[in-house]
Amino acid sequence: MIQTFTVLFSGNYCTKIIKKKLTKLRESMGFQTAHNTKLISQPDLKAKEDSCDGLIPRPLNFTQFTPSGYDSWLVKHPSALSSFDRLMKAAIGKRIVVFLDYDGTLSPIVNDPDRAFMSDEMRAAVSEVATYFPTAIISGRSREKVKDFVKLNNLYYAGSHGMDIMAPSGPIRSSDGNHQCYNNTLDTNGNEVPFQPAKKFLPAIQEILRKLENVIKDIEGAKIENNRFCISVHFRQVHEKDYNKLEEKVKSVLGKNPLFCLTEGKKVMEIRPSIEWNKGNAVEYFLDTLGLSSSSNFLPVYIGDDKTDEDAFKVIKRMGQGYPIIVSSTPRETDALYSLRDPSEVLIFLSRLAKWTKTYYSRRPLNIGN
């Protein structure tokens with residue numbers, strides 16, 4: 001005989017309410033929740049912050065709920081939304097720096113990589129966060145392409161998984177409200193020069209690109225993307241029966257060239273220079289540029305969904321300070337300490353971060369984070 005326990009517990013009730021509201025929110029934003037918890041995303045992305053303030057707790061029937069694999073995973077990688085107040089309490093007095101991946105983090109994953117647009121709401125949230133904290137986009141795309149998607153000038157941009165870095169040309173507002181300029185490398189004409197540790201590989205990359213375009217042109221659905229310092233071969237729309245053929249052709253072009261390596265992400269193969277440089281190194285570069293590499297008074301926040309973001313998670317985890325946050329709707333191995341389910345939750349998190357900052361400094365006009 002199963003006994004039914006009825007309790008009044010507002011904290012658990014609020015959690016359930018938030019989950020229900022987020023489910024409705026995702027559906028209204030173009031996400032469909034499947035039975036296996038994966039999300040089928042559509043380009044439209046809108047969200048607003050929900051709260052359970054003022055709700056009256058109701059009796060909960062514990063026999064109605066069974067723990068899922070994702071809920072169990074959340075025990076080890078708790079939601080950054082549920083943990084938000086605790087995270088911000090620990091951030092008081094710290095210099096926050098924000099790092100963001102693009103695809104799957106600021107925009108949904110879509111079939112056509114050229115149509116991975118971020119919403120106006122997301123753009124506004126990122127822009128507002130950047131008015132308070134130094135903010136960088138670190139993407140596998142080319143720096144020019146990801147900047148064209150984001151369309152914001154008050155950010156740092158790093159393309160090709162951190163192999164092409166440019167800081168903003170203008171001053172950045174620090175968390176205490178002061179403006180600070182960060183020096184970039186200038187050429188003889190006074191123009192800013194991006195940091196490109198793989199620049200010497202460009203001629204070889206162009207040659208590989210030319211060969212790839214020739215050998216995979218007969219594979220339906222395959223799409224090559226020139227990301228300047230790496231080459232992406234998208235196979236999201238390739239028939240399953242053709243995948244092995246595509247992989248063989250890509251490997252045949254690369255051959256046994258020790259200067260390049262082949263990696264695989266979400267429905268994409270990538271050819272990258274074999275150098276010890278990744279998104280984790282890009283994070284360290286930015287922190288050094290900001291004069292924070294030897295400081296203990298900063299707090300990096302990194303949000304990303306890709307395997308390549310794990311390098312950044314590891315760096316922040318090794319620092320012993322900061323919040324590496326993975327974006328995933330399914331359980332997976334990760335070095336991230338916290339999680340968000342999808343871009344809709346990223347939007348809520350960034351909006352809450354900006355709102356918290358604005359509210360905190362309006363109540364306490366102190367120079368915090370110096």
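Visitor: Which residues of β18 point one way, and which the other way?

Guide: In a regular strand the side chains alternate between the two faces of the sheet. In β18, Pro324 and Ile326 share one direction and are buried, buried meaning under 20% relative accessible area, with exposed over 50% and partly exposed in between (1.4 Å probe, protein chains only). The residues pointing the other way, also buried, are Tyr323, Ile325 and Val327.

Visitor: Before we go on, what sort of model is this, and how are residues numbered?

Guide: It's a predicted model, where local features need pLDDT of at least 70 and side-chain atom pairs count only at pLDDT 80 or more, while totals for chains, interfaces and linings use all residues. Side-chain values use heavy atoms, with hydrogens and water left out, and residues are numbered along each chain as its sequence is written, from 1.

Visitor: How many helices and strands are in the chain?

Guide: Both kinds are DSSP runs numbered from the N terminus: helices are H or I with at least four residues, strands are E with at least two. By that count, the chain has ten helices and 19 strands.

Visitor: In what order do the seven strands of the open sheet come?

Guide: Two strands pair if DSSP finds at least two bridges between them. The pairing in this sheet is mixed, and the order is β8-β7-β6-β5-β17-β18-β19. β8 (164–166) and β19 (338–340) each have a single partner strand, so one side of each is left without a neighbour in the sheet. Direction ignored, neighbouring strands are turned against each other by an average of 20°.

Visitor: Which residue is the bridge partner of Val98 in β6?

Guide: Strand β5 (residues 95–100) and strand β6 (residues 135–138) run parallel and are joined by three bridges. Val98's partner in β6 is Thr135.

Visitor: And which residue of β18 stands opposite Ile303?

Guide: β17 and β18 also pair in the parallel sense, over four bridges. Opposite Ile303 stands Ile325.

Visitor: Is Val301 buried or exposed, and what does it contact?

Guide: Val301 sits in strand β17. Its relative accessible area is 4%, so it's buried. Contact means heavy atoms within 4.5 Å; leaving aside neighbours within four places in sequence, Val301 touches Ile96, Val97, Val98, Phe99, Tyr323, Ile325 and Phe349.

Visitor: At what angle to β17 does α9 run?

Guide: Axes here are lines fitted to C-alpha atoms, for helices over the stretch in contact, and angles run from 0 to 180 degrees between N-to-C directions. Helix α9 (residues 310–319) lies across β17 (298–304) and β18 (323–327), and its angle to β17 is about 155°.

Visitor: How do α8 and α9 pack?

Guide: Helix α8 (residues 279–289) has its axis 6 Å from that of α9, at an angle of about 50°. Val283 and Leu287 of α8 are among the contact residues, as are Ala312 and Val315 of α9.

Visitor: How many aromatic pairs does the structure hold?

Guide: Rings of Phe, Tyr and Trp (its six-membered ring) pair if their centres lie within 6.5 Å; planes under 30 degrees apart are stacked, over 60 edge-to-face and the rest tilted. The total is 16.

Visitor: How far apart in sequence are the parts tied together by Phe117 and Phe149?

Guide: This pair is edge-to-face, at 5.8 Å centre to centre and 65° between the planes. Phe117 is partly exposed at 37% relative accessible area, whereas Phe149 is buried at 9%. Phe117 lies in the loop between β5 and α4 (120–132) and Phe149 in helix α5 (residues 143–150), so the parts tied together are apart in sequence by 32 residues.

Visitor: What about Tyr156 and Phe286: how far apart in sequence are the parts they tie together?

Guide: Tyr156 and Phe286 are edge-to-face too, 4.9 Å centre to centre with 75° between the planes. Tyr156 is buried at 2% relative accessibility, and Phe286 is buried at 1%. Since Tyr156 lies in strand β7 (residues 156–159) and Phe286 in helix α8, the separation in sequence is 130 residues.

Visitor: Where is His161, with its positive phi?

Guide: Phi of His161 is near 60°, positive in a residue other than glycine. His161 is buried, at 3% relative accessibility. Its place is the loop between β7 and β8.
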